[in-house]
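Biologist: I'm new to this structure and would like a close look at one part of it, the second chain. Could you walk me through how that chain is built and how it sits with its partner?

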Amino acid sequence: MLRNTLRSGLATLAILAAAPAVMAQDLTIGLRAGPDSIDPHWSTLGSQAEALRHVFDTLVDVDDKLQLKPGLAVSWEAIDDTTWEFKMREGVKFHDGSDFDAEDVKFSIERIPEVTGPMPMTLYTKYVDSVEVIDPTTLRIKTKGMAPSLPNDFTRLFVVPTETGKDVGNEEFNSGEKAIGTGPYTFVSWQPKGDLVLERFDGYWGGAPAWEKVTRKEIPDDAARVAALKSGQVDLINYVPATDYLSMKGDNNLETFVSDSVYILNIAPSVKDEEPQPIKVNGKEVEGNPLQDLRVRKALDLAINRDVLVNVVLEGLGKPATQLMPEGFFGYTDKLGKREYDIEQAKKLLAEAGYPDGFEIDFTCTNNRVPGDAVVCEALAQMWSRLGLTVNAQALNGTVYFPAAAREEFTMTMSAWGTLTGEAAYTYGALTHTKDAEKGFGNFNRSGYSNPEFDRVFGEGSQTLDPDARRALYEEASFIAMEDRALIPTVILQTVWAAKSGVLDMNPRVDQETRAYEITPE
Amino acid sequence: MFGYLVARLSQAVVVVFAMSVIVFVGVYAIGNPIDVMIDPGATQEIRENLIRQYGLDQPLWRQYFTFVGNVFQGDLGRSMVYNISVTSLVFSRLPATLELVLVSVTIAACIGIPAGLYAGYRPNSIGAKLIMALSVLGFSVPTFWIGMLLIMAFAVELGWLPSGGRGEVAEFLWFKTSLATSNGWSHIIMPAVNLSLFKMGLLIRLTRAGMVEAMGAEYVRFARAQGLPDRQIVFSHILRNISIPVVTVFGLELGSTLAFAVVTETVFNWPGVGKLIIDSILQLDRPVMVSYLVMVVILFVLINLIVDLIYARLDPRVRLKGGS
């Protein structure tokens, strides 16, 4: 009896081990993070949007370089300064068989403020004043003031059917009852931190995706995720750690995919009249704030050897950054050129500014938000010590860092910023614009940076509807802020996916999303 | 006996109360959860609305009493991250932790206690020395490292067992558990062994120490003089005498494993409560943190209570009195 049980147990194990080869139409992905809820209007979390895109479609979609492309809306245009018109895709069906039309979009926009949580989706509807359905395929949005970036905001506008109702919350979505979208996959099951199981939707407007069943397993621990791939439990993993990447490159059983990310590690020097943590020379606090002097900020910049950061510190998984966004993003300026390492010039500038023997400064970073933040932090401190500075570097857990950074308690910080929308307004508006609660700018400007020239050019851009004219203005604004060293960009982080050889083919995305419907069997 | 129970339970209430204050003040001191969670693109206005919506603009004491008031109405609050009630969140993950802990303490006890008895019975044999050497490894080598080694050996190299996660669940009696399927067992065996090593080492050493001491005690010599067989002396006399410290440590370990099996859960991607609480701490999800820790305190108090009851059963000299 016992022997038989054991035998059947072993047989099951053997079948399990062989299973992936049999079911070629199934894709199992090991991901670092998953959704917090199946309600697409609950949270702006990136991993949430990534997962829910399989079930729900957004009004506007983005390509692998984060530039806009049609989603449920086939086209859009500004018909006057405060009105956008969106044309809906025809013949789109929800998973329950009902038809999609403009009413569903209106409903979705209006549902957001009712149900959204502490990572509020209202962020993406903040410019919406009123929504008007002209006919089933035409939607007009009246905006509060001019809103050139509305289509960008709508890349996160997930559409649910009108029948959903405004009073249903996460429970109904998590159970699958209300998890009805127009996306390429239908929802099967999910639990917080557990697996998200999806099934192909044959009636998808974009053509049914290649994989029949997709399981998105949440495996937050890096080593566990790598082990799951190596042992064959999953077909594909994201966020391969740098150390494993090197060994995987030499492994014939595995394939790797590398992509730039939207994340750039930026240094933020406080330029307030009085720096939050004192800067000292010979143990005595200096008069005024040395960081207000552009020469000092330039010296800090010149003393950074970005090639060393990329090749040595990040083990090749990065690129030197010249500005706050990667190339190809809306508002990226190509006038800046590569940032050179020149320690002699840096020392000269520092001496001219009145600090020939350097100074002592506190430098605070995150240590768990993105791969490499803590090591880059230490490396920067060492690079600046060659300049003659005494740097008290401290890498903090994000849980401690962010609230303290929000209280503006640090003199100089480094953290990652990702241009999640693919355009300059998001990044420069939040980081380098003068703090202005009324206009909603400078929310993350913790350094006190304020440049009227920048504000003017950027402000003009934000009030320009013509895309080409706006792009030119944003490029100029980027150039001004970067030349002024409002923030000092260091490196663009790169991320790695790894898969079993011969199973699949994928084109890695700059936003790091792993979209099962864009992955094809090999 | 009844007085004793009442006294112990009222102690528990005080501990739970103190704990909730500490956690509340601690989280308050770290900072505003909204600043950790909020999307970088949010405007100042959105941020302030949220802070008001979650009552975080209220003074600390008022936030605390609102929480306490809700608890008395049976509402532990809703997770700020998942927006589902904390109770259902914790209970959705508790079964996974329970079964993992159950299997691992069973392994630890079934191997640890006999091995310790043997090592104490024949302290100079090679077997005993081997057991003692291994027990040192058991609690000095870090768990996550052994976990990684197990995964490398059995999942990656040999391919016998899955590298992580929980297996299929099936209905067993009234529970849904992965222990009812062979697939479930193939998933649980590695993490359970990994989790049991530390406890096993501890049990071996405790049992052995008690055994060695008891072997020289008068009652054992007397029993031997009476001509009782060794088997009877060990199992019915010595084992009973040395169980008190073993039960104490076992109880404490059971509690801490239930509450904080997080390392093993992380390495093996086991969907238990340990990982949930660590994530909640990282995101400052205060309702989950406070409620979970309160549950942990209650758990410890209950386990200690059961341990005390077992004492009374094992040792007739122990009397349970109210207020003691």
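Modeller: Happy to, and let's begin with how chain B folds back on itself. Take the contacts in chain B between residues at least 6 apart in sequence: 71% of them join residues at least 24 apart. Keep in mind that this is a predicted model. Its scores are ipTM 0.78 and pTM 0.80. For chain B the average pLDDT is 83, and 97% of the residues score at least 70.

Chain B holds 13 helices and two strands. Its C-alpha trace spans about 85 × 60 × 40 Å along the principal axes. Of the 324 residues in chain B, 35% are buried.

One helix to zoom in on is α3(B). B:Ile46, B:Arg47 and B:Leu50 are its buried residues. Those residues cover an arc of only 100 degrees around the axis, so they sit on the same side of α3(B). There's a handy rule behind that kind of pattern: an α-helix has 3.6 residues a turn, so residues three or four places apart point the same way. What the buried residues of α3(B) pack against is α2 of chain B. After α3(B) comes B:Gly55, which has a positive phi, near 70 degrees.

Further along the chain there's another backbone spot worth a look. In the loop between α12 and α13 (286–314) of chain B you'll find B:Leu284. Phi of B:Leu284 is near 55 degrees, which is positive in a residue other than glycine. And B:Leu284 is buried, because 24 other C-beta atoms lie within 10 Å.

Next, the partner. In chain B, 48 residues are in contact with 49 residues of chain A. On the chain B side, the elements that give two or more residues are α2 (33–37), α3 (44–53), α5 (86–121), α7 (143–157), α8 (182–215), α11 (262–267) and α12 (273–282).

In α12 of chain A (residues 398–406), A:Tyr401, A:Phe402 and A:Ala405 are buried. Viewed down the axis of α12(A), the buried residues fall within an arc of 90 degrees, so they line one face of the helix. What covers them includes β16 (360–366), β17 (390–396) and β18 (412–418) of chain A, together with α2 of chain B. That makes α2 of chain B part of two stories: the buried residues of α3(B) pack against it, and it is among the elements covering the buried residues of α12(A). Following α12(A) is A:Glu408, with a positive phi near 55 degrees.

Leaving aside neighbours within four places in sequence, A:Leu380 is in contact with A:Ile304 and A:Met414.

In domain 1 of chain A, 14 residues are in contact with 16 residues of domain 2 of chain A. By class, the domain 1 side has six nonpolar, five polar and three charged residues.

One last stop in chain A is A:Tyr239, in the loop between β11 (236–237) and α7 (242–249). Phi of A:Tyr239 is near 45 degrees, again a positive value in a residue other than glycine. A:Tyr239 counts as buried, because it has 22 C-beta neighbours inside 10 Å.

Methods. Residues numbered from 1 in each chain as written. Chains lettered and ligands numbered in written order. Predicted model: local features only at pLDDT ≥ 70, side-chain atom pairs only at ≥ 80, totals over all residues. Contact = placed C-beta atoms within 7 Å. Helix = DSSP H or I, 4+ residues; strand = E, 2+ residues; numbered from the N terminus. Buried ≥ 20, exposed ≤ 12 C-beta atoms within 10 Å, placed from the backbone. Arc of directions from axis to C-beta. pLDDT = per-residue confidence, 0-100. Nonpolar A, V, L, I, M, F, W, Y, C, P; charged D, E, K, R; others polar.
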